[in-house]
Amino acid sequence: MIKLKDLTGALRLMSLALVLAFVISAIAPVVLPAGARAGEGTWQDLVLLYTTDIKGKIEPCG
Amino acid sequence: MDGVWSEERPVLVVDGGDLFGPRNKNEKHQSTFLAEMTGELGYDAIALGERDLNYGLPFLLEMIEKFDLPFTNANVRSGKTGELILPEFLVVERSGIRIGIVSVLDPRQKIISMAASEEVYQVDEPVAVLRELLPRLREKADSVVLLAHLGEQATGELLNEVKGIDMCVIGHTSRNINAERVINDTAVFAAAFEGRYIGRANLFIDDADGRVMAIDVGITALNEEVANDEQMLARVEQFKVDLLEFKTAKRAEYPRTMGSEKETYLGDRACMACHEDAWKVYLDSPHRSAFATIRNKGQSFEPECLSCHTTGYRFKNGYSDESPYNKLANVQCEACHGYGSQHARDNKWVAQAKDSCTLCHDQKNSPEFDYATYWEKIKH
């Protein structure tokens with residue numbers, strides 16, 4: 001197992017950054033690249049409900 | 001859906017197209033009921049799928065008018081006039097955000113209508129259509145939703161070529177997208193199919209530029225674990241009773257009253273054993289593809305068609321769509337010659353085959369019928 005103290009200063013910094021990035025991504029809410037270009041406004045809540053290809057079924061088979 | 005409405009959050013409800021069923025009268029009847037129910041569910045936009053023209057454009061427009069269905073499409077035009085057949089796009093407002101909704105259909109999909117009049121459509125290339133349309137739409141809308149009736153792969157290809165779409169719901173697909181997915185800055189969703197699933201995405205939209213900031217996707221299977229809406233369920237059950245009556249009434253026009261319960265049709269392969277030469281003529285004749293002809297037109301459950309495109313439909317022990325009687329599809333030997341069981345017993349032809357022709361080749365179905373000419377086609 002590689003220990004932090006065995007690494008050089010630069011490598012140690014990179015490893016810490018990676019660990020930190022991993023922890024943050026695990027606890028942060030899902031924020032998508034689609035929103036990466038956020039404007040100055042506030043966020044509005046919207047629920048999108050969607051279906052497709054119902055193909056005349058009034059109830060599924062089976 | 002009731003649960004979502006009760007949360008009192010802004011909701012946008014869309015469908016990716018292919019609402020209507022297969023091309024036959026029973027299904028048309030069912031699709032009419034479905035259109036009524038869909039109208040009551042309060043959709044904001046419905047994409048045009050190729051199936052939605054199965055019963056012809058006049059029928060679709062009638063359903064739109066009657067049940068207030070918000071169909072939209074930007075790339076299907078009348079072949080006669082060159083005009084779009086539906087509204088090019090829709091704009092709805094939620095929490096002060098103007099949401100533009102546009103839909104495109106895959107030009108590779110065949111549009112086949114069972115309407116009496118021949119309908120021809122021109123389906124424009126979606127990428128070119130959207131590149132021209134989106135700048136105009138974005139003047140009227142802060143955020144844009146594409147309903148892509150293209151299937152998953154073609155939708156991905158399109159999104160990589162077109163900018164300016166914030167959300168995309170995929171139609172013409174049989175796969176759910178169960179997690180957050182983004183293609184070229186567009187949040188992509190799919191919940192398939194035949195009413196088995198409904199997708200829900202909780203979105204946060206930047207009200208400055210309409211872009212999707214965050215999403216949380218969930219797909220719900222509409223199975224027995226989801227409680228039925230009692231009122232809707234009662235109407236569906238009543239409709240099923242009505243549909244059975246509708247089917248029974250149609251069948252009643254072609255009653256199975258002829259022939260004898262004691263006799264059976266043996267099927268064309270039984271005839272082959274002793275009449276191989278005649279059977280070979282039958283193999284190459286239009287009679288052998290009679291069922292395929294109506295099946296390809298979505299008419300394989302229509303009594304008025306089945307009576308002349310199968311063997312013994314109006315006779316006891318004749319064609320039915322249930323085994324073993326479904327082997328009597330097509331106009332087989334016994335359609336003209338009568339029950340094989342009787343022939344096998346006494347070696348006599350049950351029916352005068354020559355007299356059988358005009359039962360189907362009548363003025364309505366075969367106005368140019370001439371026995372001598374037609375006999376040459378099946379001479380055996």
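Which residue in E1(B) does Leu48(A) stand opposite?

1. Pairing between the chains. The residue is Leu12(B), which lies in E1(B) and stands opposite Leu48(A). The model is a predicted one. The pairing joins strand E1 of chain A, residues 43–51, to E1(B); it runs in the parallel sense over 5 bridges.

2. The contact as a whole. Chain A contributes 31 residues to the contact and chain B contributes 64 residues. On the side of chain B that touches chain A, the elements giving two or more residues include strand E1 (11–15), helix H2 (25–41), strand E12 (197–206), strand E13 (212–221) and helix H6 (230–252) of chain B. The most is given by E12(B), with 9 residues. Classified by residue type, this side of chain B comprises 35 nonpolar, 16 charged and 13 polar residues.

3. Nonpolar cores. The largest nonpolar core has 70 residues, and the members that touch the most others in it are Val14(B) and Phe189(B). If residues up to four places away in sequence are left out, Val14(B) touches Tyr50(A) in the other chain, and in chain B it touches Tyr43(B), Asp44(B), Ala45(B), Ile101(B), Val145(B), Leu147(B) and Val169(B). Another core, of 18 residues, lies apart from the largest one; Tyr265(B), Leu266(B), Cys271(B) and Ala335(B) are among its members.

4. Overall form of chain B. Chain B contains 13 strands and 14 helices. The radius of gyration of chain B is 27 Å, whereas a compact globule of 380 residues would have a value near 21 Å. The C-alpha trace of chain B spans about 85 × 45 × 35 Å along its principal axes. Of the 380 residues in chain B, 37% are buried. Among contacts in chain B with a separation of 6 or more, 61% are between residues 24 or more positions apart.

5. A hairpin in chain B. Strand E5 (residues 90–94) and strand E6 (residues 97–105) of chain B pair in the antiparallel sense, with 5 bridges. Within this pairing, Val91(B) has Gly100(B) in E6(B) as its bridge partner. The hairpin of E5(B) and E6(B) has 2 residues between the strands, and Ser95(B) takes a positive phi near 50° there.

6. Backbone geometry to be inspected. Most peptide bonds are trans, and most residues other than glycine have a negative phi. The peptide bond joining Ser323(B) and Pro324(B) is cis, with omega about 5°. Pro324(B) is placed in the loop between helix H10 (303–309) and helix H11 (333–337) of chain B. Asn317(B) is likewise found in the loop between H10 and H11 of chain B, and phi of Asn317(B) is positive, near 65°, although the residue is other than glycine. A further positive phi, about 70°, occurs at Asp185(B), which is not a glycine. Asp185(B) is located in the loop between strand E10 (182–183) and E11 of chain B.

7. Exposure of these two residues. Are Asp185(B) and Asn317(B) buried, exposed or partly exposed? Asp185(B) has 18 C-beta neighbours inside 10 Å and therefore counts as partly exposed. Asn317(B) is also partly exposed, because it has 19 C-beta neighbours inside 10 Å. A residue would count as buried with 20 or more.

Technical notes
Residues numbered from 1 in each chain as written. Chains lettered and ligands numbered in written order. Predicted model: local features only at pLDDT ≥ 70, side-chain atom pairs only at ≥ 80, totals over all residues. Contact = placed C-beta atoms within 7 Å. Helix = DSSP H or I, 4+ residues; strand = E, 2+ residues; numbered from the N terminus. Nonpolar A, V, L, I, M, F, W, Y, C, P; charged D, E, K, R; others polar. Pairing = 2+ DSSP bridges. Core = buried A, V, L, I, M, F, W, Y, C linked by C-beta atoms within 7 Å. Buried ≥ 20, exposed ≤ 12 C-beta atoms within 10 Å, placed from the backbone. Rg over C-alpha atoms; globule rule 2.2 N^0.38 Å.
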